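Me: I am new to this structure and would like to know what the terms used for it rest on. Please take me through it step by step.

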Amino acid sequence: MWSRRQGRLRPTVCGVEELRRRRREREAALRKARREQQLVSKRLLRNDAPEEAGEGCVAAILGETEVQQFLRQAQRGTEEKEREGALVSLRRGLQHPETQQTFIRLEGSMRTLVGLLTSNQALLQLEAARCLHELSHSEQSTVAEACLPATSYLLTYLSSHSSDFIELCLYTLGNLIVESEAVRRQLLPQGIVPALAACIQSPHVAVLEALGYALSQLLQAEEAPEKIIPPASASSSILASTLPQHMLQMLQPGPKLNPGVAVEFAWCLHYIICSQVSNPLLIGHGALSTLGLLLLDLAGAVQKTEDAGLELFFFQKQPSLLPEGLWLLNNLTANSPSFCTSLLSLDLIEPLLQLLPVSNVVSVMVLTVLCNVAEKGPAYCQRLWPGPLLPALLHTLAFSDTEVVGQSLELLHLLFLYQPEAVQVFLQQSGLQALERHQEEAQLQDRVYALQQTALQG
Amino acid sequence: MQLPPALCARLAAGPGAAEPLPVERDPAAGAAPFRFVARPVRFPREHQFFEDGDVQRHLYLQDVIMQVADVPEKPRAPEARLLGRVPAFACQVAGCCQVFDALDDYEHHYHTLHGNVCSFCKRAFPSGHLLDAHILEWHDSLFQILSERQDMYQCLVEGCTEKFKTSRDRKDHMVRMHLYPADFRFDKPKKSRSPASAEAPGDSGERSEGEAMEICSEPVAASPAPAGERRIYRHRIPSTICFGQGAARGFKSNKKKTKQC
């Protein structure tokens, strides 16, 4: 649904530079928010065009009288079109935070809206739901909390048969969930988890994507690791429900894999797994094999599309891919002789070394993976030398980052220990001078000295 | 990063038969001042390691919002897969004269009003689950008999298996345990007179507020509701909202407005 929506968007009026600047600003704001543990983002479904008055012109802010008027018209109007029109006007006004505040402060407004939401007029229902959706987008938790009377109905409608309506309810729920803990505290006993578990069997892709979104917001909550994920929390527990199996099913590679849906459920799994609540349970459902196969599938797709040399560009677009990939490699190789052997026999050492210049973080991780291999003993180090490793290490010794140099020293130590012939070559290639640079550095001194001794004695 | 050209072929060929190389550690490897130890790493969810990924995720969520203002004029049907604007057409269900100009509006109307309809009293429900509960509790005489002896009123919340002696007990449970509103529209106690005579077709599971005040046909609960609760009941449903007679009137007026019936 979202990729279709993006396909229909026209490019904005402003230039590329402006776009880049905005994106950088947003990124900086997101990083700051994350550090303050205030990372909240929402999704908004808006179907209609901007007002006829012109492009970029949004509906006016509504005052108290107007809100009351529209509500009354919606409730008591005689013509259905008139009632619907009143709700549409209200909805447009609710795009503004000021109107939202006016609305929630008006006595009886939410009661009226909930009445319309549950009326037997389908189109009024839909418009009322859209009004709620606008309210759910507010950044004020008071507005989200004002929507509490509606949540039992939003959940009830998840088991209805109107897929557009279900989708709208799901996105509204997702937005409300992330905004306020009070909302979550109500939704859990109201049975949101069983409701989602029933809804996940829908055949509609748009519904599934919306469900994944709502679920990811629930799982991102601070209290999720204690109150929402663990199997012990009975009816409100994610792990005790059938949701994990269904999520994994939607991540199976193959022709039925929908990217928009898969993205949402992948994030859901991430939040569950890094909460470290009960990962063996997920492994029991086949999480490792599903995710492994999916990763292979995606990597295969990347290889087919990217020419040699463009992989680095790809990594620039997705900067977290490299560290995360290397993290995976570390965990695979740390205690596994077979994985280390595979790394060697598939000639992956040299490609790994090519990643060293990317960044300090990446360097440290590459060197750590190589240390995992080297520490397994002489049989492994023999395969690391001769070759590009030593020159690469001499190169990293020229870095100024202490952690990079420190990890290089560890690797050198292992190499010298298990492959003594490397020492001579090291000396011949001005290794001692490379070491000298770091003699004064407190964190490196001892190791530099030890290596100098080894080199001179060897 | 240049991967070895033969890599794909070798990976496709399946796992090799190679045994892992023998592991042989020298104690000097971990001796001070060196401190490397091979170990898997775990990051808790708030760790900075996930910052880049989280930022990506939120940019993805927000990207669409940033461009909403530029969304071009769409036909009334939000989904391109449906036909968008079509000449006005009427609902085909007998007795319903609602007219539409967009297919998705019709879809929603159909599911809401004609989807889960009780064949006895013509009430419509949002889901099969609620319809089943309604039929059982309102139209099944066996249910009435059994309920005198055992707890038959099932909690309406998905996933809850609790059952209760009376409709009122069930409501109390839903209010206390599940934080449902006391005036939840889809859980009204059955009224004493025959439903078919009172309700117009196409009505939803609602009742006018007058009916909610009537004595239930089921046996009186051990602790009758205090008078105060009834007052709250009345207060919760604004007098301007009327789902019984009022909705029927509204429905009839629609009939006048549409082209043909």
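Reply: Contact means heavy atoms within 4.5 Å. By that rule A:Glu134 touches A:Leu44, A:Arg46, A:Arg91, A:Leu94, A:Gln95 and A:Gln100, leaving aside residues up to four places away in sequence. This is a predicted model, with ipTM 0.86 and pTM 0.81.

Me: Why is A:Glu134 called buried?
Reply: Buried means under 20% relative accessible area. A:Glu134 has 2%, so it is buried. Its place is in helix H7 of chain A.

Me: How far apart are A:Glu134 and A:Leu45 in sequence and in space?
Reply: They are 89 residues apart in sequence, and their C-alpha atoms are 8.5 Å apart.

Me: Why are H21(A) and H23(A) called roughly perpendicular?
Reply: Helix H21 (residues 337–345) and helix H23 (residues 360–374) of chain A pack at about 110 degrees, with their axes 9 Å apart. Roughly perpendicular covers 65 to 115 degrees, and H21(A) and H23(A) therefore count as such. In this pair, A:Cys340, A:Leu343 and A:Leu344 of H21(A) meet A:Val369, A:Asn372 and A:Val373 of H23(A). Here the division is 5 nonpolar, 1 polar and no charged.

Me: How does chain A compare with a compact globule of 458 residues?
Reply: Such a globule would have a radius of gyration near 23 Å, but chain A has 29 Å. The C-alpha trace of chain A spans about 100 × 50 × 40 Å along its principal axes. Chain A has 29 helices and 0 strands, and 57% of its 458 residues count as buried. Of its contacts with a separation of 6 or more, 69% are between residues 24 or more positions apart.

Me: How many helices and strands does chain B have?
Reply: Chain B has 10 helices and 6 strands. Of its 261 residues, 43% count as buried. Among its contacts between residues at least 6 apart in sequence, 37% join residues at least 24 apart.

Me: Is B:Gln62 buried or exposed, and how do you know?
Reply: Its relative accessible area is 18%, and the limit for buried is under 20%, so B:Gln62 is buried. B:Gln62 lies in helix H2 (residues 51–66) of chain B.

Me: Why is A:Gln276 called partly exposed?
Reply: Its relative accessible area is 33%, which lies between the 20% limit for buried and the 50% limit for exposed, so A:Gln276 is partly exposed. A:Gln276 is in the loop between helix H16 (259–274) and helix H17 (279–284) of chain A. Its phi is positive, about 50 degrees, although it is not a glycine.

Me: Why does B:Leu179 count as partly exposed?
Reply: At 35% relative accessibility, B:Leu179 also falls between 20% and 50%, and is therefore partly exposed. B:Leu179 has a positive phi of about 55 degrees without being a glycine.

Me: Where is there a cis peptide bond in chain A?
Reply: A cis peptide bond joins A:Trp385 and A:Pro386, with omega about -5 degrees. A:Pro386 sits in the loop between helix H24 (378–382) and helix H25 (389–396) of chain A. In chain B, the bond from B:Ala32 to B:Pro33 is cis, with omega near 0 degrees.

Me: What is the average pLDDT of each chain?
Reply: Chain A averages 88, with 91% of the residues at 70 or above. Chain B averages 70, with 60% scoring at least 70. In chain B, pLDDT stays under 50 over residues 193–237. Where pLDDT is low, the predicted coordinates should not be read in detail.

Definitions and conventions
Residues numbered from 1 in each chain as written. Chains lettered and ligands numbered in written order. Predicted model: local features only at pLDDT ≥ 70, side-chain atom pairs only at ≥ 80, totals over all residues. Heavy atoms only, no water. pLDDT = per-residue confidence, 0-100. Helix = DSSP H or I, 4+ residues; strand = E, 2+ residues; numbered from the N terminus. Buried < 20%, exposed > 50% of the residue type's maximum accessible area, 1.4 Å probe, protein only. Axes fitted to C-alpha atoms, helices over the stretch in contact; angles between N-to-C directions. Parallel < 35°, antiparallel > 145°, perpendicular 65-115°, else oblique. Nonpolar A, V, L, I, M, F, W, Y, C, P; charged D, E, K, R; others polar. Rg over C-alpha atoms; globule rule 2.2 N^0.38 Å.
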